[in-house]
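Subject: Structure for you to look through

Hello,

Here is the structure that I promised to hand over, and below it you will find my notes, written so that you can follow them with the model open beside you.

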Amino acid sequence: MRAGAVSKRQLSQRTAFSLLIVATIIVILPVLAIVIQIIVNGADAISLEFLTEAPSQAGKAGGILPAIVGTFYLMLGTIIVALPLGVMAGIYLTEYARDNWFTRAINLAIVNLAGVPSIVYGLFGLGVFVLLFHFGMSLLSASLTLACQALAMTVTTSREAILAVPREYREGSLAVGATRWQTIRHLVLPQASPGIITGAVLAMSRAAGETAPILVVGAAFLLPGLPQSPLDQFMALPYHLYTVAAHIPGMPKSTMWGVALVLLVVVLSFNVLATVIRLRARQRR
Amino acid sequence: MRKRLFIILPVVVVVVLVVTIIALGGGGSSIRIIGSNTVTPLSAVWAEEFMETHPEVSIAVSGPGSGVGIAALINGTTDICQASRKIKQSEIDQAEANGVEPYEIQVATDALSVVVHPSNPVSELTIAQLSAIYTGDITNWNEVGGNDVEIVAIARDTNSGTHVFFKEQVVQMKGLPTEDESLEYGGDVLMLPSTEEGVNQVASNPNSIFYPGLGYVTEEVKPLAIKQTADSIGVLPSVQTALDGTYPIARPLLFYTDGEPTGVTKDFIDYCLSSEGQEKVIEVGYVPLE
Amino acid sequence: MLGKTSPTTAEPGEALRRRWRLGEKLIEGWIFLAGILTIAVLLGIIALLLKEGLPAFWYTSPWEFLFGTKWYPVSEPPTFGITSFFVATLWVTLVATAISVPIGVACAAYLAEVAPAKVRETVKPIIEILAGIPSVVMGFIGLMLLSPLVQSAFNLNTGLCGLTAGIMLSLMSLPIIISVSEDALRAVPDDFREASYALGATKWETIRHVCIPGALSGITAAVMLGVGRAIGETMTVLMVAGGALAVPVSPTDPMMPMTAAIASGIGNAVRGGLQYQALFAIGLILFVITLAVNLIADRVLERQKRKFAR
């Protein structure tokens with residue numbers, strides 16, 4: 001082989017690889033820029049008062065406690081509904097379902113639900129929970145709406161977690177005379193729980209960040225107190241960010257960044273939690 | 001470790017729940033106010049003041065537009081609808097079909113301000129010129145005495161009462177000899193989802209123009225003097241000019257309830273109409289009644 | 001056969017077993033119901049969209065609705081034409097795809113084939129952070145940071161336009177494109193690579209002529225999922241795309257994609273009213289489009305899995 005030909009191919013490889021690296025850098029830089037900007041601009045607004053007090057003076061002063069609490073209520077409401085249903089549906093799909101058209105329909109449904117735009121979930125929540133069921137613009141309606149959205153995720157992760165439990169475990173249990181349900185309850189589920197919990201945490205993180213559905217189902221701009229029942233209106237961090245995002249006159253700019261920072265911290269810490277759970281579980285195996 | 005996680009997580013959750021529920025101190029009544037972005041700063045201040053003297057009442061205030069409030073009133077999902085435009089007959093019909101009787105209460109007045117960037121040399125416009133700008137007939141600032149740059153016309157979206165009010169009073173030139181009900185917003189007008197965003201855009205973009213309520217005008221934007229016709233004197237928006245009627249685009253700010261207000265809602269509205277409440281109106285930047 | 005026991009000692013055993021079986025049947029019943037639930041929710045969404053959205057076509061003919069350019073929901077009489085929204089969605093999706101596909105696939109190739117393990121382990125969490133940033137935060141960043149930049153860089157009247165929205169959307173599609181493409185590349189068996197090296201090819205030549213073609217269906221699926229994400233995104237476009245009603249002729253025009261159109265108007269709409277129906281009709285169209293895109297992507301992924309299954 002001629003020396004010239006080899007170096008030409010090496011050259012094109014080196015160029016190609018540099019381009020690939022450039023592409024990766026183009027992906028990384030904006031993320032870092034965004035996170036750093038939010039931290040730098042928002043840190044000024046963070047204070048104990050900001051985090052623990054309710055807004056006053058039409059949101060110009062005071063804190064964002066109701067938004068933080070509202071977000072947590074939403075996460076809670078979402079997971080209380082979506083997790084048990086998701087796990088049960090996952091169990092059904094892995095343990096009980098036969099390979100017929102019905103099962104295929106369910107799997108299809110899950111794929112589809114995952115891809116539905118969030119605003120369409122908002123429309124669904126409005127039509128069904130707010131109006132049809134007469135729950136009104138409330139925590140209940142919003143949680144149920146977000147739960148529908150989270151369902152696809154919880155079913156998929158539960159199903160995958162349960163599938164990952166080795167067959168031999170199940171067969172051994174059945175061999176000693178346990179019923180199917182007993183096997184599931186005492187053996188399969190505990191084994192699959194890290195995966196299931198990871199999915200749940202990710203679903204909560206998603207619920208914390210969603211805006212479009214709660215925009216439609218009616219989050220409040222200003223709720224000086226805290227919601228006292230699931231039928232009350234609520235404030236939420238993503239909606240609050242959306243409302244203050246263009247700077248209410250008289251509001252210091254750092255407040256907006258502060259809200260973004262708090263929201264980012266809440267969402268990312270749940271993501272980190274999910275990753276930690278996943279890694280821990282993998283280590284044990 | 002897994003078992004511990006199973007126990008710790010729910011415990012933490014329950015503790016958080018319990019603590020916050022205790023902090024709420026149960027009981028009490030609530031009022032929901034939904035609707036106009038324009039009125040929101042005013043209702044929010046009223047709500048805050050009222051809740052200080054009536055701690056057992058909880059008031060939730062929401063935007064983002066009069067249309068939303070009226071829809072909520074008709075759907076039965078709000079106690080008070082705050083609006084910056086009057087309810088339409090078709091909406092009254094829809095309400096009555098749903099068993100709702102809209103009851104109107106004027107709570108303040110607004111001088112709808114037209115603002116531009118402080119560096120914009122233009123300082124007054126006629127209603128006809130404004131209409132042409134917003135239908136897209138006039139596209140360059142130099143056509144109205146400004147610099148040779150394209151106009152960025154900003155409006156609110158259809159949720160907003162201000163959108164509708166401005167369309168009828170200014171774009172369609174209601175009450176003037178040139179009134180034309182067929183005119184619509186031009187296709188290049190930006191329809192933004194919030195008043196705050198509109199004001200922010202004007203403050204940062206030297207070529208833009210927008211119409212927020214008086215309560216949203218800050219030093220970062222410059223209000224224009226409005227001339228009814230080419231021969232009139234341009235009038236700047238202010239509490240004064242709205243009260244004495246010289247400012248051509250003043251409008252009532254309204255509350256609507258289902259039937260006459262009763263109970264806590266009535267107490268709240270009484271407070272808003274009282275002299276104390278009306279003082280707050282000036283503080284927020286709007287125009288008190290009488 | 002175990003010896004017959006007296007009736008008194010046999011009964012508790014049987015009764016207990018019967019109760020177990022009954023309880024278990026009950027639980028299994030619940031599980032079955034939960035399984036149905038996912039179908040129920042999906043059917044519910046379809047049913048609602050049809051029920052509330054189809055009537056819109058009695059007021060406005062489908063032709064006028066889909067190809068009309070006038071959207072004046074609060075005028076009397078109201079007119080509903082969604083061409084500008086549809087074209088706007090096309091524009092922002094185009095911009096987002098044009099940016100995110102080359103960069104995403106290149107990044108995936110780097111991570112799967114070239115990058116040393118340490119680099120992978122640092123980069124992957126960063127991409128996961130990107131995936132986790134809520135859409136409203138993206139819209140906020142677009143509003144505060146990107147739109148003034150775009151405005152001055154392209155000398156526009158305003159930075160609130162399709163381009164800004166498309167750039168933010170591309171950031172949001174990148175994680176899924178990278179992750180699915182990377183999985184696809186890793187699924188290509190090592191034998192293929194070994195064979196290529198054995199023939200004297202360099203690593204890059206292997207990637208270019210063996211790995212990527214081998215992973216092509218997976219990469220296609222990744223692109224479709226990214227496209228689906230861009231089409232369905234609401235908050236970001238609501239905040240930065242501009243909201244103008246004219247049919248956009250260039251990506252630097254302010255525009256209102258379909259998702260933003262729904263969000264902007266839904267608060268205003270009275271249940272059962274004309275605007276309400278029209279917005280649900282847009283929701284229906286949106287649902288069908290994203291459904292189609294995601295279904296195709298899923299099919300392609302299934303085929304790819306089967307292709308390389310051992």
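Which pattern does chain A follow when it is read along the sequence? The pattern is α-α-β-β-α-α-α-α-α-α-α-α-α, and chain A has eleven helices and two strands, where helices (H or I, at least four residues) and strands (E, at least two) are DSSP runs, numbered from the N terminus.

Before going on, please keep in mind that this is a predicted model, in which local features need pLDDT of at least 70 and side-chain atom pairs count only at pLDDT 80 or more, while totals for chains, interfaces and linings use all residues. Residues are numbered from 1 along each chain as its sequence is written, and chains are lettered from A and ligands numbered from 1 in the order in which they are written.

Chain A

The radius of gyration of chain A (taken over C-alpha atoms) is 24 Å, well over the 19 Å that the globule rule gives for 285 residues, so chain A is more spread out than a compact globule; that rule is 2.2 Å times the number of residues to the power 0.38. Along its principal axes, the C-alpha trace of chain A spans about 70 × 65 × 35 Å.

Where chain A meets chain C, the contact takes 67 residues from chain A and 64 residues from chain C, two residues being in contact if their C-beta atoms, placed from the backbone, lie within 7 Å. Helix H1 (residues 3-42) of chain A gives the most to the side of chain A that touches chain C, with 19 residues. By class, that side has 52 nonpolar, 14 polar and one charged residues, if Ala, Val, Leu, Ile, Met, Phe, Trp, Tyr, Cys and Pro count as nonpolar, Asp, Glu, Lys and Arg as charged, and the others, Gly among them, as polar.

Chain C

In chain C, helix H4 (residues 83-114) and helix H10 (residues 216-232) have axes that come within 9 Å and cross at roughly 145°; axes are lines fitted to C-alpha atoms, for helices over the stretch in contact, and angles run from 0 to 180 degrees between N-to-C directions. The residues of the contact of H4(C) with H10(C) divide into nine nonpolar, six polar and no charged, and among them are C:Val92 and C:Ala96 in H4(C) and C:Val223 and C:Val227 in H10(C).

Chain B

The contact between chain B and chain C takes 25 residues from chain B and 23 residues from chain C. The largest share of the side of chain B that touches chain C, five residues, comes from H3(B), and by class this side has eleven nonpolar, ten polar and four charged residues.

Chain B also holds an open sheet of five strands in the order S2-S1-S3-S12-S4, with mixed pairing, where two strands pair if DSSP finds at least two bridges between them. The edge strands are S2 (57-62) and S4 (102-111) of chain B, each of which pairs on one side only, and the twist averages 20° from one strand to the next. Strand S3 (residues 80-83) and strand S12 (residues 250-258) of chain B run antiparallel and are joined by three bridges, with B:Tyr256 in S12(B) as the bridge partner of B:Cys81.

Two helices lie across strands of this sheet: H3(B) runs at about 155° to S3(B), and H9 (residues 263-273) of chain B runs at about 60° to S1(B).

Best wishes
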